[in-house]
Number of protein chains: 2
Amino acid sequence: MTLETVSEAKAFGGCQGVYSHQSEATGTGMTFAVYVPDHVAGAKLPVLFYLSGLTCTHANVMEKGEYRKACAEHGIIFVCPDTSPRGDDVPDDEGYDFGTGAGFYVNATEAPWSQHYHMRRYVEEELPAIIAKHFPVDMERQGITGHSMGGHGALTISLRNPGRYKSTSAFAPIVSPMNCPWGEKALTGYIGADKAAWREYDACALIEDGARLPDLLVDQGHADNFLEEQLKTHLLDEAVTKAGMDATIRLHEGYDHSYFFISTFMADHIAWHAAKLKA
Amino acid sequence: MTLETVSEAKAFGGCQGVYSHQSEATGTGMTFAVYVPDHVAGAKLPVLFYLSGLTCTHANVMEKGEYRKACAEHGIIFVCPDTSPRGDDVPDDEGYDFGTGAGFYVNATEAPWSQHYHMRRYVEEELPAIIAKHFPVDMERQGITGHSMGGHGALTISLRNPGRYKSTSAFAPIVSPMNCPWGEKALTGYIGADKAAWREYDACALIEDGARLPDLLVDQGHADNFLEEQLKTHLLDEAVTKAGMDATIRLHEGYDHSYFFISTFMADHIAWHAAKLKA
């Protein structure tokens, strides 16, 4: 596989790059962003994966996420994948919440989505291997986070891969796709009507079925328009309480679903990951 | 005049707003962004104006500038105007460097630009009056900064209004529009061929003609593609040296012209302005 450099720019002493490659998982070209802080030659740094929400590419968090200062301070590499395959031959949907920009971090089994929509395999397997090969990362020190649909991705990927991620957090995650309109539409479309098959893509169901994380940080805006109908943070609160799992779930008065909210708490999350990744 | 709220979102404890109004200066609708940090009721805060570069609206720095954390810490209001009038009846040019998105902070005297392109009057007179009326600002404590074309705007507006701005800085400014292709095209188009009339829109010429600032901070990336042909930082260096004017002009190895550069040094600039605005 050839990794092409789309752009690189110096920022906070390190390098903010954008790279593209042909993906085996999706059968399409894929683009991702990586920030590498300034570091001693030969050093291997901890890595934090950030999964984005509906409609986003790698660029939204790269432009609005305000992660570089904290990553430079803590010496953490920050990786931002796209949210779906893209291209003229990739099927799409008219809605913003299904198809392009809305891969939901699943391996689709339903036609026509099953040909390209394998974002689970891309983020769980292919991308980490590429990062390990091309960047100065210590793959024994991986963390994962994400926003909204990407928060769902971070939680479910971490819960399904016990021990792989030393730290897991989320901003305004969809905590139970089985129980909200966004998730019901996506899982029906990509996976089909059999709800038993949905459970591995639902953080609350995974916890109910026995999956555990050693710890978890979730921030949620109280003025988030999607809180009541789509995000349902209280379901995660109930699931971790019932499971006796350590988790810090914070509700923030006045904050909405936007990058103005994410950027406010980004440095907190990076410090939290750094403490675990560098322990 | 009615000020319409386009959007407001909580960020770093304060409020990031976008507002629009009908402008007398340009005869068009204008949109600007304002960040107001959390503050004691009734307090009046210092205000920092940020003028953007070619192709930008208020949104570029709002999304990519990473100014909110520092403004919240220092208690400074941050104002981001647009870079030109816009609208179906506003004349435009095919180039990115003239017309819409490229008002150059001048009052145009040449037809057809003279009808709407009065960004000098807008930024020097109309916008400050609107900010003073609608936001909790102390107009005795104003600072000004900007990027590229906006750096030119910040320098020339401050030099022409001695005493009004307690602090002036710029990121990668066009220091002498009379001596670069961007400036020659803009000043010829907006002001006409008489170069004597250009001098009030040229920071180096203003200094040569006797204008002074008490102090000045300029950051410039050494890997900036526009440095040699358009920005010519050395001309400002020579002008302030000849004038015996205090100025800190820093060249940064490896940094380009983008918001990755600006965001890296934004907190430095805000701290520098805060020290002067709160002295």
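In this predicted model, the side chain of A:T264 comes within 2.8 Å of the backbone nitrogen of B:F12. A:T264 belongs to helix α9 of chain A, which spans residues 259-277. Beyond the neighbours within four places in sequence, the contacts of A:T264 are A:Y255, B:A11 and B:F12. Is A:T264 buried or exposed? A:T264 counts as buried, because its relative accessibility is 12% and the cut-off for buried is under 20%. A:E253 is 11 residues away from A:T264 along the chain, and the two C-alpha atoms are 13 Å apart.

**The interface as a whole**

How many residues of chain B are in contact with chain A? On the chain B side there are 19, and they touch 19 residues of chain A. Together the two chains bury about 1,800 Å², with 57% of that area on carbon and sulfur atoms. The residues of chain B that lose the most area to chain A are B:K10, B:E66 and B:F260, which together make up 36% of what that side buries.

B:E66 also takes part in a salt bridge, its side chain meeting that of A:R68 at 3.4 Å, N to O. Two salt bridges are found across the interface of chain B and chain A. Polar contacts between the chains, with both residues at pLDDT 80 or more, number eight residue pairs.

By type, the residues of chain B that touch chain A are seven nonpolar, five polar and seven charged.

**How the two chains are related**

Chain B is superposed on chain A by a rotation of 180° with 0.0 Å of shift along the axis, at an RMSD of 0.0 Å. The two chains are therefore related as by a two-fold axis. Which C-alpha of chain B is nearest the axis? It is that of B:K64, 2.8 Å from the axis. Both copies use the same surface, since 100% of the contact residues of chain B recur in chain A.

Notes. Residues are numbered from 1 along each chain as its sequence is written. Chains are lettered from A and ligands numbered from 1 in the order in which they are written. This is a predicted model: local features need pLDDT of at least 70, side-chain atom pairs count only at pLDDT 80 or more; totals for chains, interfaces and linings use all residues. Side-chain values use heavy atoms; hydrogens and water are left out. Copies are superposed by least squares on the C-alpha atoms of residues with pLDDT of at least 70 in both. Contact means heavy atoms within 4.5 Å. Buried area is the accessible area (1.4 Å probe) that two parts lose on being put together, summed over both. A salt bridge is a side-chain nitrogen of Lys or Arg within 4 Å of a carboxyl oxygen of Asp or Glu. A polar contact is a pair of N or O atoms within 3.5 Å; within protein, one must be able to donate a hydrogen and the other to accept it, and residues adjacent in sequence count only if both atoms are side-chain atoms. Ala, Val, Leu, Ile, Met, Phe, Trp, Tyr, Cys and Pro count as nonpolar, Asp, Glu, Lys and Arg as charged, and the others, Gly among them, as polar. Helices (H or I, at least four residues) and strands (E, at least two) are DSSP runs, numbered from the N terminus. Buried means under 20% relative accessible area, exposed over 50%, partly exposed in between (1.4 Å probe, protein chains only).
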